[in-house]
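Here is a friendly walk through one protein model, meant to be read with the structure open beside you. Have a look at the picture, then follow along section by section.

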Amino acid sequence: MEEVKGTMDVDSTRRQFVRGAAVLGAGLLVAGCTTGSQRQATATAAGPAGSKSGFHTLSDGTKLHYLEAGRGKPVVLIPGWSQTAAMFEGQLAGLSSRYRVIALDMRGHGESGKPAGGYRMAQLAQDTHEFLEGMGLRDVALGGHSMGASVMWSYWDHYGADRLSHMIVIDQATTGVVWPGWSDEEKAITGALFTPETLYGTAAGLAGPDGVKTTEGFVRNVFFTKAYPTDKLDWVLQENLKFPRAQAARLLVDHCCQDWRDVIQTIDIPTLVFGGTKSFFTPRSQQWIASQIPGAQVHIYEEAEGGSHFMFMENPEKFNRQVIEFLG
């Protein structure tokens, strides 16, 4: 594993997260129904980087939107909480000369259907399995950013390596909530950010009249390095707001209350882990994930390399090169 420079202790990382999001009142820490999965005809409209846009109908009738480019081994990418498939524009462009790259909008997110329910990790994992099965995808390199990694771990918990060959973990904590009485070591290896009280307070802010302001606090002050252009932040904010805030709040709670440490310790397929020194998840937490998986690789990006929670957007060239090296 790579040596990490400038690793912040867990309390300073949590304070960084608090200060950034609290600027705009995020209220965070103070310390058509079908039978079975069916593939829809791929739309002719082009998405980012000339990718094709399509929809896949799940067994409950929800239509999952996806972007696709390239041919070859399938690389399927799951965005983070409130994020969209379009954010993988750099990977759709940079990896599609070698692989069949597919980026998904989870239910409620982006251009996908927005049903009343199903906003929990287990359902999103089932949606992902239905998608891979319905699309006839096998030998998949499955990548998940942030909450997308939690979806991936839930997939592993329910389906194991079915249809999977590789796993790509992009900056996600093993759990989002600090339990009372945890030691500094437990806080450090999990990367948890919330207490139970502040998690529910944040969710209430998202679901209430300040939902847009709370979201803006995340996007403008927490997610990216200071070097990331303002106009791109505007676009990211609009993509986030495609997911209704009340449903986003429910999903955030379910997502953060999971603890995936025991699941991660059972993963036995080749795994690549990414983190950043300017992410609100400490590099130590990403190193711990890699240390639990036999042969796993880990790459930690410095701030000058775009080492934020979104390093794949800030430095797609390096990110794509490392994915290609990993997949071979």
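The notes below cover some helix pairs and a few individual residues.

## Before you start

Please keep in mind that this is a predicted model.

## Helix 6 and helix 9

Let's begin with helix 6 (residues 196–207) and helix 9 (residues 245–256), whose axes lie 7 Å apart and pack at an angle of about 165 degrees. Because of that angle, helix 6 is roughly antiparallel to helix 9. Their crossing is right-handed.

If you want to display this contact, pick Leu199, Tyr200, Thr202, Ala203, Leu206 and Ala207 on helix 6, together with Arg245, Ala246, Ala249, Leu252, Val253 and Cys256 on helix 9. Sorted by class, the contact of helix 6 with helix 9 has 10 nonpolar residues, one polar and one charged.

## Helix 3 and helix 4

How do helix 3 and helix 4 lie relative to each other: roughly parallel or roughly perpendicular? The axes of helix 3 (residues 121–134) and helix 4 come within 8 Å and cross at roughly 75 degrees. Angles of 65 to 115 degrees count as roughly perpendicular, so helix 3 and helix 4 are roughly perpendicular to each other.

From helix 3, the contact takes in Met121, Ala122, Leu124, Ala125, Gln126, Thr128, His129 and Leu132, while helix 4 brings Met147, Ser150, Val151, Ser154, Tyr155, His158 and Tyr159. Here the residues divide into nine nonpolar and six polar, with no charged ones.

Helix 3 also holds Glu130. With a relative accessible area of 9%, Glu130 is buried. Glu130 and His56 are 74 residues apart in sequence, yet C-alpha to C-alpha they are 9.3 Å apart in space.

## Helix 7 and helix 8

Helix 7 (residues 211–221) and helix 8 (residues 230–240) pack with their axes 10 Å apart, at an angle of about 145 degrees. The crossing of helix 7 and helix 8 is right-handed.

On the helix 7 side, Thr215, Glu216, Val219 and Arg220 meet Thr230, Leu233, Asp234, Val236, Leu237 and Asn240 in helix 8. This contact of helix 7 with helix 8 is made up of four nonpolar, three polar and three charged residues.

Now zoom in on Ser146, which sits in the loop between strand 6 (140–145) and helix 4 (147–159). Ser146 has a relative accessible area of 10%, so it is buried.

Which side chain makes a polar contact with the side chain of Ser146? The partner is Gln172, at 3.4 Å. Leaving aside neighbours within four places in sequence, Ser146 is in contact with Gly80, Ile170, Asp171, Gln172, Phe281 and His309.

## Two aspartates with positive phi

Most residues other than glycine have a negative phi. Asp171, although not a glycine, has a positive phi of about 55 degrees. You will find Asp171 in the loop between strand 7 (164–170) and helix 5 (184–190). Asp171 counts as buried because its relative accessibility is 0%.

Asp139 has a positive phi of about 55 degrees too, and is not a glycine. Look for Asp139 in the loop between helix 3 and strand 6. Is Asp139 buried or partly exposed? Asp139 has a relative accessible area of 43%, so it is partly exposed.

How values were computed
Residues numbered from 1 in each chain as written. Predicted model: local features only at pLDDT ≥ 70, side-chain atom pairs only at ≥ 80, totals over all residues. Heavy atoms only, no water. Axes fitted to C-alpha atoms, helices over the stretch in contact; angles between N-to-C directions. Helix = DSSP H or I, 4+ residues; strand = E, 2+ residues; numbered from the N terminus. Parallel < 35°, antiparallel > 145°, perpendicular 65-115°, else oblique. Left-handed = near helix turned anticlockwise from the far one by under 90°. Contact = heavy atoms within 4.5 Å. Nonpolar A, V, L, I, M, F, W, Y, C, P; charged D, E, K, R; others polar. Buried < 20%, exposed > 50% of the residue type's maximum accessible area, 1.4 Å probe, protein only. Polar contact = N/O pair within 3.5 Å; in protein donor to acceptor, adjacent residues only side chain to side chain.
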